[in-house]
Amino acid sequence: MEGTVIRNTGSAYLVEPDGGGSPVECKIKGKFRLKGIRTTNPVAVGDRVVFNMQTDNTAYITEIAPRRNYIIRRASNLSKEAHIIAANLDQVFLIATLAHPLTSTTFIDRFLSTAEAYRIPATLVINKIDLLQGDPEAQELLEGVCYLYRSIGYPVVPVSAETGEGIDILRERLAGKITLLSGNSGVGKSTLINALIPGLDLRTAAISAMHDTGMHTTTFSEMYPLPGQDGGYIIDTPGVKGFGTIDYDPHEVGHFFPEIFRQSASCRYGDCTHTHEPGCAVRRAVDDHRISASRYASYLSILEDSSPEKYRKPF
């Protein structure tokens, strides 16, 4: 039998069979590897799989169909393992906030670069804009972030899950597509999904007043069908604190920053790393403020990730 993985609890997988019928809880049988990379979850939500029912009514996933794409991140700072967040996506929505908590541009850039690496269209969704009202500095920050990422070419949608502002725009962009929603803990992902899918009632939690961070309310990844005749699915995932990149060639990192890639065509050397080489058009563009200093800093941080020394376990 064939189907799609719609939930991953870590120890079991819920598979929706093709052609309808009740989802089947499955375990895995055999070893599944991804380009030789060790992964903490060999099967991800969104995977197309083959599964077999046993005589005792247990079921096992025996085969994963080739993935057309996926979003992957390094599992931890001292690990060579990776975690596949979701697979077979039409698009990704990165949920960020500019207050309570503040999402760093480094996190945003790392996520967007990964989406670029696997050719998945990405939208930046800035939630909790209601918290910025009445604060001129906060409004200026919102306008600056929107301008930065729109000027690069990314769609940016400011929303408020509390007031409903921007929710209809999200519904239009989600219709008929499989969309991953990801972001730091506390950015209001579950509240947004509750607004988009009435009656779902995902659990939400308050932000820590001491640390201005969110608690994990989503403990496993799951795919939810969207209401309406156009269909589509949302994949909800646990919030992530950091986004370690993996499987990048240092000479290709600039390809995943659209504005850096455009400027690199004017570099003196074809294999320029944009760090020290003479005649580097990218560094010149940073100096001239044609490339954001924050984006360039994020680019350098990913180059550091690519160093074989960074994630070497201590003795």
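In this predicted model, strand E9 (residues 122–127) is largely enclosed by the rest of the structure, because 6 of its 6 residues are buried. The protein as a whole holds 7 helices and 13 strands, and buried residues make up 50% of its 315 residues. Among contacts in the protein with a separation of 6 or more, 64% join residues 24 or more positions apart. The points below begin with strand E9 and then turn to other parts of the chain.

**Strand E9 and its partners**

- Strand E8 (residues 91–97) runs parallel to E9 and is joined to it by 6 bridges. Within this pairing, Ala-122 of E9 stands opposite Val-92.
- Strand E10 (residues 156–158) also pairs with E9 in the parallel sense, over 3 bridges. Here Leu-124 has Val-156 of E10 as its bridge partner.
- Two right-handed β-α-β units include E9. One is made of E8, H1 and E9; the other consists of E9, helix H2 (residues 136–152) and E10.

**Helix H1 and its packing against H7**

- Helix H1 (residues 105–117) packs with helix H7 (residues 293–305) at an angle of about 65°, and the two axes are 9 Å apart. The crossing of these helices is right-handed.
- On the H1 side, the contact is made by Thr-105, Thr-106, Asp-109, Arg-110, Leu-112 and Ser-113. On the H7 side, Ser-294, Arg-295, Ser-298, Ser-301, Ile-302 and Asp-305 take part.
- Sorted by class, the residues in this contact are 2 nonpolar, 6 polar and 4 charged.

**Asp-109 within H1**

- Asp-109 belongs to helix H1 and counts as buried because its relative accessibility is 0%, where the cut-off for buried is under 20%.
- Beyond its neighbours within four places in sequence, Asp-109 is in contact with Tyr-149, Phe-257, Ser-294, Arg-295 and Ser-298. Ser-294, Arg-295 and Ser-298 are also among the H7 residues that make the contact with H1.

**Backbone features in the loops**

- The loop between E8 and H1 contains Pro-101. The peptide bond leading from His-100 to Pro-101 is cis, with omega near 0°.
- The loop between strand E7 (82–87) and E8 contains Asn-88. Although Asn-88 is not a glycine, it has a positive phi of about 60°. Asn-88 has a relative accessibility of 9% and therefore counts as buried.
- Arg-119 lies in the loop between H1 and E9. Arg-119 likewise is not a glycine, yet has a positive phi of about 55°. With a relative accessible area of 73%, Arg-119 is exposed, the cut-off for exposed being over 50%.

- Strand E6 (residues 70–74) is largely enclosed by the rest of the structure, because 5 of its 5 residues are buried.
- Tyr-70, Ile-72 and Arg-74 point one way from E6, whereas Ile-71 and Arg-73 point the other way. The two arginines named here, Arg-73 and Arg-74, are buried along with the rest of the strand.
- E6 and E7 run antiparallel and are joined by 5 bridges. In this pairing, Ile-84 of E7 is the bridge partner of Ile-72.

**Asn-8 in strand E1**

- Asn-8 is located in strand E1 (residues 2–8). Its relative accessibility is 9%, so Asn-8 counts as buried.
- Asn-8 and Val-45 are 37 residues apart in sequence, and their C-alpha atoms are 6.1 Å apart in space.
- Not counting residues up to four places away in sequence, Asn-8 touches Tyr-13, Asn-41, Val-43, Val-45, Phe-220 and Ser-221.

How values were computed
Residues are numbered from 1 along each chain as its sequence is written. This is a predicted model: local features need pLDDT of at least 70, side-chain atom pairs count only at pLDDT 80 or more; totals for chains, interfaces and linings use all residues. Side-chain values use heavy atoms; hydrogens and water are left out. Axes are lines fitted to C-alpha atoms, for helices over the stretch in contact, and angles run from 0 to 180 degrees between N-to-C directions. Helices (H or I, at least four residues) and strands (E, at least two) are DSSP runs, numbered from the N terminus. A crossing is left-handed if the near helix is turned anticlockwise from the far one by less than a right angle, and right-handed if clockwise. Contact means heavy atoms within 4.5 Å. Ala, Val, Leu, Ile, Met, Phe, Trp, Tyr, Cys and Pro count as nonpolar, Asp, Glu, Lys and Arg as charged, and the others, Gly among them, as polar. Buried means under 20% relative accessible area, exposed over 50%, partly exposed in between (1.4 Å probe, protein chains only). Two strands pair if DSSP finds at least two bridges between them. A crossover is right-handed if, with the strands pointing away from the viewer, the path from the first strand over the helix to the second runs clockwise.
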